[in-house]
Amino acid sequence: MAIAKAERLMNLALCLLGTRRPLSKRELRGSIEAYMEAGNDESFNRMFERDKDDLRELGLVIETVENLDGETGYLARRDSNRLPPVSLDAEEAAALGLAAKVWQQARLAGAASGALQKLRAGGMPEAEDPYEGQHSAIEPRIPVHEAAFEPLMLACRDRRPVAFDYRKSTAARPEARQVEPWALECWRGHWYLAGYDRDRGAERVFRLSRITGKVRSRAAKYTAEVPDVVTVRETVASWAGESADRSALIRLRAGAGYPLRAKATAVREGRDGWDELEIPYGHGLDAWLVEFGPDVVVVGPADLRADVVDRLRAVAGA
């Protein structure tokens, strides 16, 4: 079946590229064997529309033209589908190859591989991979496990508002959010979305792993101006205490909380199954500590301890 579809797509592409005038659906159906075998007009129309969308997704520029009789025709001009000369040196080609490998675990893997093939067909030099065939301790990959990633990526690209249910770290139940998405960025193994929260009337950053259910598109236009530079990482870092100017003392259960241990400026092993850690204290540290639940006890300062207790009570009472 896959071979039959590939042959059908190739035949359609050759017809559209080989004509000097727009071809109607009727003419295309009479020229391609697979379309002739379609059971009825409805079946043919569905097949043709899917094939046309697939070719456009692959990069073929297909024009839709209406002739004097009002009939719609299609063609793919050669000058619109000819790749211009590619002038990349070996280092630039290597950088593109590395970027394509980053997306091997994401839905973008096919698009990245296809782009490389087109560039190589246009003359891009083959980059020699020094790690080919070896097992490296460091692999250039960005894991994407959240179902919300692809619809949000497309919404950012198309400047399309979305709605989704979002569960904050301190809440037991998700809340409905309406967002104008700006940018996605991966930071410390987690994906974040930055955008304009319509209900709160301000910029917000959302962690994709806390989005529940489906991301729903909205037809309305953006109401807030999109900034030239969206500082997703800096915003998340400030919330996570990366811009801290104080220290906090916490007790951490032995064998738990490795992200906290990585941030610690000092660690003292305890004999009762708990270790004492000094960690940077900045905005958002209370929300982060709550995520570790019963494995963390805040010793000080008092305001941080009070904030963590309030968040835990809010979750317990929800």
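Student: Which residue in β8 stands opposite tyrosine 166?

Tutor: Helices and strands here are DSSP runs (H or I over at least four residues for helices, E over at least two for strands), numbered from the N terminus. Strand β8 spans residues 211–217. In β8, the residue opposite tyrosine 166 is isoleucine 211.

Student: What pLDDT do local features need in this model?

Tutor: Residues are numbered from 1 along each chain as its sequence is written, and side-chain values use heavy atoms, leaving out hydrogens and water. This is a predicted model: totals for chains, interfaces and linings use all residues, side-chain atom pairs count only at pLDDT 80 or more, and local features need pLDDT of at least 70.

Student: Over how many bridges do β4 and β8 pair?

Tutor: Strands count as paired if DSSP finds at least two bridges between them. β4 also pairs with β5 (residues 175–187), antiparallel and over five bridges; there, phenylalanine 164 has arginine 177 as its bridge partner. With β8 the sense is antiparallel too, and the bridges number four.

Student: How many of the residues of β4 are buried?

Tutor: Take buried as under 20% relative accessible area, with exposed over 50% and partly exposed in between (1.4 Å probe, protein chains only). β4 runs over residues 162–166 and is mostly covered. Phenylalanine 164 and tyrosine 166 are both buried. Of the five residues in β4, the buried ones number four.

Student: Within what arc do the buried residues of α7 fall?

Tutor: Helix α7 (residues 149–158) has Phe149, Leu152, Ala155 and Cys156 buried. Looking down the axis, they line one face of the helix because their arc is 130 degrees. That arc is taken from the directions from the helix axis to the C-beta atoms. So the buried residues fall within 130 degrees.

Student: Which strands are included in what covers the buried residues of α7?

Tutor: Contact here means heavy atoms within 4.5 Å. The cover over those residues includes β4, β5, β6 (190–197) and β8.

Student: How many aromatic pairs does a search of the whole structure find?

Tutor: Rings of Phe, Tyr and Trp (its six-membered ring) pair if their centres lie within 6.5 Å; planes under 30 degrees apart are stacked, over 60 edge-to-face, the rest tilted. On that basis, the count is eight.

Student: Why is the pair of phenylalanine 164 and phenylalanine 206 edge-to-face?

Tutor: Their ring centres are 5.4 Å apart. The pair links distant parts of the chain, β4 and β7 (residues 202–207), 42 residues apart.
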